[in-house]
Structure formats: structure tokens, C-alpha cells
Amino acid sequence: MGNNDANNVYILFVHASFYDVLNYAYFTGKAKNNLPDHFCGKCFRGKNTTMESGIFRESICIKARKLSENQKQMTMLQTQNVSYSYSGGTPLTFPDVACGRNEHWLLLGQSGTGKTTFLHLLGGLLTPSNGSVSVNDTDLTQLSQSRRDKFRGQQIGIIFQEAHFVRALTVGENLQLAQKLAGHSPDKARVRELLDRLGLANKINRKPDQLSVGERQRVAIARALVNKPAVILADEPTSALDDENCQEVATLLEEQANLAEATLLIVTHDNRLKERFEKQIVLS
Amino acid sequence: MNLLSLSWKNIINKPLSMTLSLVLFGLGVGLISLLFLLNTQLEEKFEANLAGIDLVIGAKGSPLQLILSSMYHIDSPTGNVSIEEVRPFLNPNHPLIKTAVPLSLGDSHRGYRVVGTTPAFFGMYEAAPAEGRIFEKTMEVTVGATVARALELEVGSTFQSSHGFVQDENLVHADAEPFKVVGVLEPSGSVVDQLILTNTQSVWAVHGHEESEEDHSDHDHAEGEGHDHEAETAMKPLTEYPEEDITSLLIQFKGRNYQALNMQRSINENTDMQAATPAIEINRLYSLIGVGAEALRWLAIIIVIVSGLSIFISLYSSLRDRRYEMALMRTMGGSRNFLFGMIILEGLILAVLGYVLGIGISHLGMEALAGNLSDSYRYTFTGWRFLPQEAYLLGGAVVIGFLAAVIPAIQASRTDIHETLAEG
């Protein structure tokens, strides 16, 4: 797809395997490293990452679509006039935000400015008293409770300050549970691939309690990514970690968000992260 | 990772408290089911042994004791009655009586009772020999299937009986002629399986009543001729021995008319004997046992309720530990219904496991008890029979599991995600 004309071609693959796509590429005379980078989220995204990251195991390509530069920049996370009032407290008002696809944002603010409340509003865990929250063009405030739960499971990955898990389950089972709860069928290959990518392949059968704090946070990242969400929200993901783990987790978050072409929003008061991210929202 | 395996893993993650609930539940269910099993099998045995007997005549005493000793062979006899006294009932032309079977009790062989009777006994209990034949001569015995198996007796075996029902070497009738097995009965499921049957004269012979007569024949004749002599005695009807005693008489009426019913009252009022009606006495026995069984049943129900409570408490307290997990599952897309279902399923799994454990306990317990029961009740019991009531019991267990889980489940489904997560 070397020329501009080809960029305008809309290619539709229905239930095609990766090999079908590969065949198409060869048939049309494209080298494999020139494969189009616009297959749907069920397939693969980055053209150079496809071969290494176990894509061969993923064989369902619903639709291949063309993403223009504009679409890449399209807003994935947007709020308007959002406010929330706790019963008996003064209402908290929040700035309007608009985060594009593949962008990384930092949400800063002192304690008590409602950072966690804002994150929960963005994630649909709380319903705002006023205003609207849209994720991937869906207004969360308009969804019913159960639709919102399902939508959140599929589109939003959330990472908390302390990584919590279902303690009765192993690391691998926790990730599969995330798939199941989002309404996907369990995909062990995806789970293994993710854990492998985060250097946790040998922990798949451990209970979360048996992991170190840093490992747990990495598993939490894997869990947030397992359903290939459009938006990743992280609530103080590094504040419980030492410097080394902090940088590692931040790097992983960036890398994985890039790979998934997801919007990343980190809520933090951790100064160690401030230099790393250009785009910042400050709550006051 | 489906709901069932998730619930299951949650349960086995908390082995201690769950084991407690499980064991309690199992005990309750086990006790109820054991009561069912015992009750059913006992009643069946009692019914099977009624054998169409309308009246039992014996020495004065407790009518229940008379029935238990003469029909069920579990209690001691009330005493003896003389042939002279029962002579009218032994008359084959009695207008009311179809069959009258005399019983002479009091001896046993290695724990199994030796019963002196007449061949009519086999007709009454519809027992037929599987091997050999029914006794004809004195000192010949036909043994029940269980006896033959337990004591390894077969046609041709000989043994000496002992006095009383307790196995005691000092009480063996060592000076009496040994019994000779001439037949083994088919298993019938009734008390006959547990008996060693011989003719009435043999019992007398063992106790030396005919000693003078026998002495003389033993001295003067060769062995073969002696046997002939015994055959002769066996042929004589019991009414020829007015001086001798028997223990009791089992009566089948020709029809249950007014006169037949009056016969019991007349015996009780006008003679030194008593007559007892099996059906009435057995009903009395049921009502006596019934009080205890009822109390046990209530105890079992209380245990089940307490175990339901313990399931409730362990789910409720585990929920408090798992509040964060609940919120987490909600953030991962789990609906309220999912959490509700998960907790309900945990309750149901515990209840069903408890039920399985309980049924296991009761049937194994029954099987373990069977040996003891056979010794004291003279019947064969088994732990490997399953009753329809046990299916209802499963239904009850499921309901209790559900009820125990419903409040924790509602609690779980109402988890406030934001609050819980904000608390950390």
C-alpha cells in the first residue's frame, strides 16, 4: 500500500484469518512488512508488531478498515460540564477534557480535589450529577446500569493504586475472568501473550498473593489490556511503588497503550511521572 | 472461567469455614436420611414377617414381648404353655382356625435361634428349601439362608445347640444328640432367613424330656433301628404329649369374623394363657418408637437449620473480606446479577455437597449399623438402598442453600463500586 491511491481503498475482510490477509497482501504484490495497519481490533494493529506478538494465533478478522490520520486523532474520551456532589458536600466541578486516540494524559491534583471521583466518573463507576462523559463516542450517562457495566468491561481498562484481584483465582484465571465479564469468550492465547509481553509468563498459575507488589501491578496492567480497551484509566498506579518499579510501570503503561492504540489517562500526584507526560490536566 | 467454577474456587479458597458448614449440613442431612432408611427397612421387615398371622397364643406376660419373641424372634419368650392347654387350638378340625403352628423357643446355635415347630411353619412363611428338604425326623434341621451362609452350614452338617440365646460354650447341650442339617431354605427377606428350624420333638429331646424312652432304645437297638424309632416319634401329633410344653402358637384364622375376634378376649379372660394380635402390638411398637424417631427427626431438622445459618454466616463474613473483589468484578463488566448469581451458586454448591456428604454418611452408617442390627433384630439390613424420600431431601437442601445465600447475594449485588474502591 505504497501510494496515496491505495490509502483510499477500503478493504473489507469478513471473518478472514490472518493468512487470508497475508495471502491478499502477497496476491496484490505487497510485501509482508507493508501489510496494511488497519485491521480491526480483533486482529492486529501495528504493522511491525504483528509477526512477533503471536498474531498467528488470532484468526478472527471481522473487518479491515481504513483509518485516516484524522480518525486516529479522534476523541476517545470526552467530558462536558461534569460535576458531582456527595450528599451533604459541596459539589465538585471538573474541567472538560478531550483525549484523542493513542494519546497519553496525566491528571494531576492535590489530595481532596476529587481526582479519584473524576476517574470513577470517567470510567462510569459513578454517574455525574450534571454533564456528560463519552467514551469512544458513547455517552456513558445514557446507558443503563448493566449496559454500562458491559461497555466498561469491553472499552475501558482500569488500573488502581493497589492491584486487587479475585484472590481465589490464579493470575491467568483473573485475566480470563476479565474477558468473561466483558462478554468475550476466554482466549488463553491472548492471556498468555499479554503476560509474556509483561514478563509474567511464568506467573500464570500463581495466586496473586504470591506475587510482589511490582508484579501485581504488572498483572493489573495486563488485566486492563486483556480486552483491548479504547481507553485505559490508571488511578495512582505508581504511588505504592519504589522508583525502579515506578519507572518500569510507567514505561509499560506507555508501551502497552501504544500497542493497543488506546487512550491512556493516569491520575496521579506522583511527581516522578510529571516529566514523562506532556499532556496534563490539573484539578484544583 | 464460568460462574460455576468461579463459585467453586471461591469456596475452596476458604476451606476452613466452608468445611464447618459442610460437615454440619452433612450431619443434619445424614441423620434425616438415616432415619428414613432405618424406618423404612424396619417397617418393611415387620410387615414381611406378619405372614398372615392373626393371633399368637402364649404364656401370660407382655403381649408385645410375646409378639416380638414368637414372630420377630428378638425378645425372650414370656414362658411356656402346656400342650394340654393349647390342645383345642391344635385340632385340625377347629371351626375358626385355618393353621396353628406351635413354636418351641429357648435354644440357639452360635447366636441363631433354634425353633421347634411343625412343617406347617414353612407354608405360613412361604419358605421353600433351596437345597435338601424340610425336616421330617427328630434332630433333623432345615436352616435359613442367612444362617447357612453365616455359620457355613450345608446339608449334612451337624451341630449341637446351646441353651438360651447367648453364645456361651458352657451352655451347649453337650450330652444331647447333635442336630443334622437336611435342608437350606431360599432367602426370603423375612425372619425365616435367620432361623434354625426343627420339629418340636427335637427341642424336647435336647432338653431330656424323653430321656427315659430314648435311653431304652439306644441300649437295645442298633443305630439304624434307633433312627426308625425316632421317625415313629416324629410322626406322632403333638397332642400325644399332653405333659410337654411349647412356647407359643401362631394362628391363622379361616376368616376374620366376630367369633374369631372374640377368641382373643376369651383366651385372655378364661385361661392362664394370653393371646395377642400382631397388627395391634406392632402398631403400639411403632408409636413407642415413633416418639423417639420424631425427637431425632426434629433434632436433625434443627441441625440442618443451624448449618444453613452457618452457611449464611460464612458467606456473609467472606463477603466482607471480598468487598473489593466484588467492586473489581463490577468494574471489569460484571453485572449485579452476575455477583448475585455467584453468591447464590456458592450457597447451592455448599448445600449440594453437604447433601452428598450426608447421604454418604447415612448409607455408610447404615451399612456399618447393618451388622449390629442384624444381630439384635434378626434381620438383614443394607446401606445400599436409596429411597425416593432422599430426592425430596435434595430439594430441601437446595432450598436451604438458596435461603442461606440470598441475603449475602443481595448484599454482593448492591456493592457500591465507587465507595468500595475509594476506600481501597
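## Surroundings of A:Ile266

Leaving aside residues up to four places away in sequence, A:Ile266 touches A:Leu106, A:Leu107, A:Ala234, A:Pro237, A:Leu253 and A:Leu273 (contact: C-beta atoms, placed from the backbone, within 7 Å). The model is predicted: local features need pLDDT of at least 70, side-chain atom pairs count only at pLDDT 80 or more, and totals for chains, interfaces and linings use all residues. Residues are numbered from 1 along each chain as its sequence is written, while chains are lettered from A and ligands numbered from 1 in the order in which they are written.

## Nonpolar cores

A:Ile266 is among the residues with the most contacts inside the largest nonpolar core, which has 109 residues. Such a core joins buried Ala, Val, Leu, Ile, Met, Phe, Trp, Tyr and Cys residues through C-beta atoms within 7 Å; buried residues have 20 or more other C-beta atoms within 10 Å of their own. Helix α13 (residues 336-377) of chain B contributes the largest share of this core, 13 residues (helices are DSSP runs of H or I, at least four residues, numbered from the N terminus).

A second, separate core of 59 residues includes B:Tyr125 and B:Met263.

## Contact between chains

In chain B, 20 residues are in contact with 29 residues of chain A. On the side of chain B that touches chain A, α1 (3-12), α12 (323-331) and α15 (417-423) each supply at least two residues. The most comes from α12(B), with six residues.

Technical notes: A residue is buried if 20 or more other C-beta atoms lie within 10 Å of its own, exposed if 12 or fewer, and partly exposed in between; C-beta atoms are placed from the backbone. Two residues are in contact if their C-beta atoms, placed from the backbone, lie within 7 Å.
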